[in-house]
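I opened a notebook page for this structure and wrote down each thing I looked up, in the order in which I looked.

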Amino acid sequence: MNSIDLVILNLNEVRRRSIKVWTTIPDEKLFWKPDNEALSCLEMIRHVLESEHYYHLAIKNRGSLTAYDSPYENRPFISVQNELDFAETHRREFIDNIKSFSEEDLENVKIDRSESGYIRDLGDMLLRVAYHESVHTGQLLDYLRTAGVPRIRIWD
């Protein structure tokens with residue numbers, strides 16, 4: 001297995017575990033949030049999916065976008081499955097794009113997000129995408145604990 005395969009495996013494993021958490025949130029808790037300034041459970045799921053789409057475009061652009069028209073903007077929040085269905089095409093395009101990179105690209109392609117405080121190698125950036133999602137999945141597990149909702153075991 002090469003590095004590209006490992007990056008994709010990591011992204012897929014993180015997403016698989018996220019979906020386990022996301023799909024077990026009771027409907028009556030989808031709009032729950034720990035305080036008025038936090039994202040709700042469903043808003044956080046959308047944030048993860050939308051961020052992955054943005055990161056994909058930034059990777060293709062080799063840096064942050066000067067303008068970004070989000071396909072998620074103004075979409076009604078309906079359900080977790082609706083969010084996953086909508087994101088499926090974007091996810092497939094992202095994974096296909098990763099497959100187009102070479103091992104050398106992981107080190108040699110730079111992603112310039114200077115306005116956010118960093119320039120990273122492509123490999124580093126791809127791992128950051130997965131890390132971002134995993135952090136928010138952990139956050140949702142804490143939300144569920146705080147809301148008194150049983151949590152699914154993600155460590156299988």
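**Loop residues with positive phi**

I began with R62, which lies in the loop between helix 2 and helix 3; helices here are DSSP runs of H or I with at least four residues, and strands are runs of E with at least two, numbered from the N terminus. Before going on, I noted that this is a predicted model, in which local features need pLDDT of at least 70 and side-chain atom pairs count only at pLDDT 80 or more, while totals for chains, interfaces and linings use all residues. I also noted that residues are numbered from 1 along each chain as its sequence is written, and that side-chain values use heavy atoms, with hydrogens and water left out.

R62 has a positive phi of about 65 degrees, although R62 is not a glycine. R62 is partly exposed, with a relative accessible area of 37%; buried means under 20% relative accessible area, exposed means over 50%, and partly exposed is in between, with a 1.4 Å probe and protein chains only. I then found N74 in the loop between helix 2 and helix 3, again with a positive phi, near 65 degrees, in a residue other than glycine. N74 counts as exposed, at 71% relative accessibility.

**Helix 1 and R17**

The 20 residues of helix 1 should span 28 Å, and the end C-alpha atoms are 28 Å apart, which agrees. Its buried residues include L11, R15, R17 and V21, and what covers the buried residues of helix 1 includes helix 2, helix 3, helix 4 (103-108) and helix 5.

I looked at R17 separately, and found that R17 is buried, with a relative accessible area of 16%. Leaving aside neighbours within four places in sequence, R17 is in contact with T137, I154, W155 and D156, where contact means heavy atoms within 4.5 Å.

**Helix 3 and its kink**

Helix 3 covers residues 80-99, and I read a reach of 27 Å from its first C-alpha to its last, close to the 28 Å expected. Where is the kink in helix 3 centred? The kink, of about 40 degrees, is centred on E88; the bend at a residue is the angle between axes fitted to the seven residues ending there and the seven starting there. Among the buried residues of helix 3 I listed L84, H90, F94 and I98, and the buried residues of this helix pack against helix 1 (3-22), helix 2 (41-61) and helix 5 (122-146).

**Nonpolar cores**

I looked next for nonpolar cores, meaning sets of buried Ala, Val, Leu, Ile, Met, Phe, Trp, Tyr and Cys residues joined through side-chain atoms within 4.5 Å. The largest has 22 residues, and those with the most contacts inside it are L11, I59, F94, I98, L122 and L126. Helix 1, helix 2, helix 3 and helix 5 each supply at least two residues of this core. F94 touches L11, E52, H56, I59, L126 and V129, not counting residues up to four places away in sequence. A second, separate core has 20 residues, including V21, Y72, Y143 and V149.

**Aromatic rings**

I counted four aromatic pairs in the structure; rings of Phe, Tyr and Trp (its six-membered ring) pair if their centres lie within 6.5 Å, and planes under 30 degrees apart count as stacked, over 60 as edge-to-face and the rest as tilted. W32 and Y143 form an edge-to-face pair, 5.7 Å centre to centre with 75 degrees between the planes. W32 lies in the loop between helix 1 and helix 2 and Y143 in helix 5, so the pair ties together parts that are 111 residues apart in sequence. W32 is partly exposed, with a relative accessible area of 21%, whereas Y143 is buried at 5%.

Y72 and F86 form another edge-to-face pair, 5.0 Å centre to centre with 80 degrees between the planes. Y72 counts as buried at 2% relative accessibility, and F86 as partly exposed at 27%. The charged end of R75 sits over the ring of F86, 3.8 Å from its centre; a charge sits over a ring if NZ of Lys or CZ of Arg is within 6 Å of the ring centre and within 35 degrees of the ring normal.

Terms used:
Expected span 1.5 Å × (residues − 1).
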